[in-house]
Amino acid sequence: MVNQTLDKISKSGGSVLGSSEPSAVDKLETMMALSAMMNSALEKSDVRERAILAASNLVNCEATSLLFVNEETGGLYFDVALGDAGKELKTIQLERGQGIAGWVAEHNKPIIIKDAQQDPRLYKQADEKSGFYTRNMLCVPIRSNTTTLGVLQALNKRNGAFSKEDARLLFALANQIGVVLENLRLYDGLRDTLYSVVGVLVDVIEKHDPYATGHAKRVASYCKSIGKGMGLSKHDMVNLKLAALLHDVGMVGVPDAITHKKARLTEQEHSEVMKHIGYSEEILSNVKHLQAIIPAVRYHHEHWNGTGYFQRAGERIPLFSRIIAVADAFDSMTTERPYDLGKGYDGALKHLEDNAGVLYDPDIVNLFVNSKAPHSAKRHPLLIQRPKV
Ligand SMILES: [Fe+2]
């Protein structure tokens, strides 16, 4: 319903409601659709563009644009400006307080301008650059809890002048945009904190297991390449990166005598090492924001043919686990250990290809082998260094 309403509006170029004033029901429907979309689509880069397009429908005007405050200068720049003039407008930077938008940002309140050309605050260069003639304007501030983030402006009401009702509607939308931007900022902050904590955890693992130096970061970089090749969403890419970095976090529970051993492991020691899967699960289950990656970590030692640790096969193995398995195997095979000089670059690729559809997901092997990732890995200096013990 939400997407249907917005699609209808955006595909029509913002004119689905026609040049006549939209009805109250139309306005309410558009407003609800916009709110739902903005609250649920934190990752979509076109959210703001679609919202602005729909906003021009809401107040029935010829053009709408969104300007943000430059935190360093206090000036404004165009984030979204639609139509033929949009490209030109995006090159314009307003100084602090400049133009009607600058006035709104400074005073933090909505304004209706009935005759823009007579208003000395109008930044006429914008019209000159874009070839757009501004007759009248409605400008509202976009605010977060503590500051003005930008300005939403509607230009040239199709029938007559902007009303107080238009101002209320646009202001409500601007408040919604403010909330979404604040959530995005919090989300980015949270993600940065999570990456820092994960970085510390990875350092702890690598201190504990000297042969693992750089392993998690290299596996994460190979996974990134595979994930990109598969066209994973931004959200999935974040989780894949976290899962790759933490896939062996449980190694901290394996005794030093085993992780530091300079000779090949016995069968008994190997089964001790495999307990790291359970330890990983235990550690991750204590972190609320890492719950989603637990299955990826739990099944990263599965084989495509079902002969792995939990004997899951094929697509019953979570996708991220299958990706990590390929990346993990390639890195292990191209890293020297005191008891094993590794297979080298060509040997590792051959092993992956020989075992595609046996140990590994054949599509993922195909994607990885034909990507740039293993080629850049060849030049990675860490790969030819014996880990320091
Ligand atoms: Fe592992």
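Across which strands does helix α7 lie, and at about what angle to β5 does α7 run? Helix α7 lies across β4, β5 and β6, and runs at about 30° to β5. The structure is a predicted model, in which local features need pLDDT of at least 70 and side-chain atom pairs count only at pLDDT 80 or more, while totals for chains, interfaces and linings use all residues. Residues are numbered from 1 along each chain as its sequence is written.

The protein chain has 17 helices and six strands. Helices (H or I, at least four residues) and strands (E, at least two) are DSSP runs, numbered from the N terminus. Buried residues account for 35% of the 389 residues in the protein chain. A residue is termed buried if 20 or more other C-beta atoms lie within 10 Å of its own, exposed if 12 or fewer do, and partly exposed in between, with C-beta atoms placed from the backbone. Of the contacts in the protein chain between residues at least 6 apart in sequence, 62% join residues at least 24 apart. Two residues are in contact if their C-beta atoms, placed from the backbone, lie within 7 Å.

The strands form an open sheet of six, in the order β3-β2-β1-β6-β5-β4, with antiparallel pairing. Strands β3 (93-94) and β4 are the edge strands, since each pairs on one side only. Two strands are said to pair if DSSP finds at least two bridges between them. Strand β1 (residues 61-69) pairs with strand β2 (residues 76-81) in the antiparallel sense over five bridges. Within this pair, Leu-66 has Val-80 of β2 as its bridge partner, and Val-69 has Leu-76 of β2. The hairpin of β1 and β2 has six residues between the strands, and Gly-74 there takes a positive phi near 80°. Strand β2 also pairs with β3, in the antiparallel sense, over two bridges, and Leu-76 stands opposite Leu-94 in β3.

Strand β5 (residues 137-143) is mostly covered, with seven of its seven residues buried. Met-137, Cys-139, Pro-141 and Arg-143 point one way from β5, whereas Leu-138, Val-140 and Ile-142 point the other way. Three bridges join β5 to strand β4 (residues 111-113), and the two run antiparallel; Ile-113 stands opposite Met-137 in β5. The pairing of β5 with strand β6 (residues 148-157) is antiparallel and extends over seven bridges. Pro-141 stands opposite Val-151 in β6, and a hairpin joins β5 to β6 through four residues.

Two helices can be described against this sheet. Helix α5 (residues 99-107) lies across β1, β2, β3, β4, β5 and β6, at about 40° to β5. These angles run from 0 to 180 degrees between N-to-C directions, and the axes are lines fitted to C-alpha atoms, for helices over the stretch in contact. The 45 residues of helix α7 (residues 164-208) should span 66 Å at 1.5 Å a residue, and the end C-alpha atoms are 66 Å apart, which agrees. The expected span is 1.5 Å times one less than the number of residues in the helix. The buried residues of α7 include Asp-166, Leu-169, Leu-170, Leu-173, Ala-174 and Ile-177. An α-helix has 3.6 residues a turn, so residues three or four places apart point the same way.

Elsewhere, helix α8 (residues 215-230) and helix α16 (residues 362-369) pack at an angle of about 105°, with their axes 10 Å apart. Helix α8 is therefore roughly perpendicular to α16, a term that covers angles of 65 to 115 degrees. Tyr-222, Ile-226, Gly-229 and Met-230 in α8 meet Ile-364, Leu-367 and Phe-368 in α16. By class, this contact has six nonpolar, one polar and no charged residues. Here Ala, Val, Leu, Ile, Met, Phe, Trp, Tyr, Cys and Pro count as nonpolar, Asp, Glu, Lys and Arg as charged, and the others, Gly among them, as polar.

Two loop residues have positive phi values. Most residues other than glycine have a negative phi. Asn-60, which is not a glycine, has a positive phi of about 55° and lies in the loop between α3 and β1. Asn-60 counts as buried because 24 C-beta neighbours lie inside 10 Å. Gln-311, in the loop between α13 (294-298) and α14 (319-333), has a positive phi near 60°. With 11 other C-beta atoms within 10 Å, Gln-311 is exposed.

Terms used
Parallel < 35°, antiparallel > 145°, perpendicular 65-115°, else oblique.
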